[in-house]
Amino acid sequence: MTTDEAVTVSTGARELAEFDKTTSRWGRITMIVGLLLSIGAPLYLVFSGEVDVTAGQLWTAFAAVAGTFFIIWLVEPLTYFPILGPAAMYQAFMIGNIANKLLPAALIAQTNIGAKPGTKRAELAAVLAICGAAMVHLVSLAVFVGLLGTWLISVIPADIVTVTRSYILPSVLGAVLVQAIVSMKQPRATVVALLVAAVVTFVVVPAMPSLALSSTAIAVIVTAVLAWFLRNKNDQSPAELATIE
């Protein structure tokens with residue numbers, strides 16, 4: 001490596017470190033602000049006395065919601081992080097619609113530029129892809145919902161609306177699954193994931209219906225453990241994957 005190349009690599013490493021530092025700082029700030037804004041109005045109504053809700057009722061409602069979604073709170077970050085990276089994770093959880101909008105956008109961007117998930121290049125691609133997806137979403141909402149929404153609903157046949165509602169989510173998630181398999185290029189891990197998902201869905205859940213809510217967490221954890229022990233030992237190490245390529 002020449003002196004100029006070494007200087008370029010060093011400068012790039014410093015800029016990436018500064019990028020991580022900046023996104024971590026502002027990511028935390030924006031997430032906290034978003035949390036305060038989202039719960040500010042309900043808390044005002046509760047503590048102002050205008051709504052007849054006791055603290056006991058509030059905690060009971062929270063426990064009911066937490067009992068239903070607690071597994072999802074754990075599974076989603078673990079599932080999305082390897083593909084999105086830390087910077088894009090802040091964006092994704094602030095914007096929402098991760099599985100059916102932001103994750104597909106990130107995967108497609110990474111595939112098109114040949115960036116392997118887990119690298120800095122893939123992380124930057126995910127950040128830019130999410131920015132683009134959010135812009136498209138806002139513009140489409142403004143045009144097709146804000147301006148043309150009522151008219152479109154009136155001219156689209158009811159049967160088509162019903163079919164769309166029934167099949168749009170499976171079609172999007174199916175496309176995301178295929179895109180993830182193609183971009184990751186990990187046939188061994190893919191086979192493990194498919195087998196584990198099939199066993200959990202068709203064997204474990206029917207035998208123990210009480211595990212239905214935690215089935216996703218079970219599948220993710222078991223897949224991660226098996227994929228780790230059955231991985232190709234000749235693959236790149238995490239330190240190598242951390243480079244920008």
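Tutor: A residue counts as buried under 20% relative accessible area, as exposed over 50%, and as partly exposed in between (1.4 Å probe, protein chains only). The structure is a predicted model, in which local features need pLDDT of at least 70 and side-chain atom pairs count only at pLDDT 80 or more, while totals for chains, interfaces and linings use all residues. Residues are numbered from 1 along each chain as its sequence is written, and side-chain values use heavy atoms, with hydrogens and water left out.

Student: Is Gln 110 buried or exposed?

Tutor: Gln 110 belongs to helix H3, residues 98-113. Contact means heavy atoms within 4.5 Å. Beyond its neighbours within four places in sequence, Gln 110 is in contact with Ile 83, Ala 115, Pro 117, Ala 122, Ala 125 and Ala 126. Because its relative accessibility is 0%, Gln 110 counts as buried.

Student: How many helices and how many strands does the protein chain have?

Tutor: Helices (H or I, at least four residues) and strands (E, at least two) are DSSP runs, numbered from the N terminus. Read from the N terminus on, the elements run α-α-α-α-α-α-α-α-α. The secondary structure therefore comes to 9 helices and 0 strands.

Student: What percentage of the contacts with a separation of 6 or more comes from residues 24 or more positions apart?

Tutor: The protein chain has 245 residues, of which 21% count as buried. Among its contacts with a separation of 6 or more, the share from residues 24 or more positions apart is 67%.

Student: At which residue does H4 bend?

Tutor: H4 covers residues 120-147. The expected span of a helix is 1.5 Å times one less than its number of residues. With 28 residues, H4 reaches 39 Å from its first C-alpha to its last, close to the expected 40 Å. A bend is the angle between axes fitted to the seven residues ending at a residue and the seven starting there, and in H4 a bend of about 30° falls at Leu 141.

Student: What is the relative accessible area of Glu 123?

Tutor: The buried residues of H4 include Lys 120, Ala 122, Glu 123 and Ala 125. Not counting residues up to four places away in sequence, Glu 123 touches Phe 19, Asp 20, Leu 84, Gly 85, Pro 86 and Ala 87. Glu 123 counts as buried because its relative accessible area is 6%.

Student: How far apart in space are Leu 124 and Leu 16, C-alpha to C-alpha?

Tutor: Leu 124 also lies in helix H4. Its relative accessible area is 28%, so Leu 124 is partly exposed. In sequence Leu 124 and Leu 16 are 108 residues apart; in space, C-alpha to C-alpha, the separation is 9.9 Å.

Student: Which residue marks the bend of H7?

Tutor: Helix H7 spans residues 187-207, and its 21 residues reach 29 Å between end C-alpha atoms, close to the expected 30 Å. Its buried residues include Thr 190, Val 192, Val 196 and Val 200. The bend of about 35° in H7 is at Val 200.

Student: What is the handedness of the crossing of H7 and H8?

Tutor: Axes are lines fitted to C-alpha atoms, for helices over the stretch in contact, with angles from 0 to 180 degrees between N-to-C directions. The axes of H7 and H8 (residues 215-229) come within 9 Å and cross at roughly 145°. A crossing is left-handed if the near helix is turned anticlockwise from the far one by less than a right angle, and right-handed if clockwise. The crossing of H7 and H8 is right-handed.

Student: How many charged residues does the contact of H7 with H8 have?

Tutor: H7 contributes residues including Ala 189, Val 192 and Ala 193, and H8 contributes residues including Ser 215, Ile 218 and Ala 219. Ala, Val, Leu, Ile, Met, Phe, Trp, Tyr, Cys and Pro count as nonpolar, Asp, Glu, Lys and Arg as charged, and the others, Gly among them, as polar. The contact has 11 nonpolar and 2 polar residues, and its number of charged residues is none.

Student: Which residues does Ser 215 touch, not counting those up to four places away in sequence?

Tutor: Ser 215 is found in helix H8 and is buried, given its relative accessible area of 17%. Ser 215 and Val 204 are 11 residues apart in sequence and 8.4 Å apart in space, C-alpha to C-alpha. With residues up to four places away set aside, Ser 215 touches Val 200 and Val 205.

Student: Which residue has a positive phi although it is not a glycine?

Tutor: The residue is in the loop between helix H2 (55-95) and H3. The phi is about 55°, and the residue is Asn 97.
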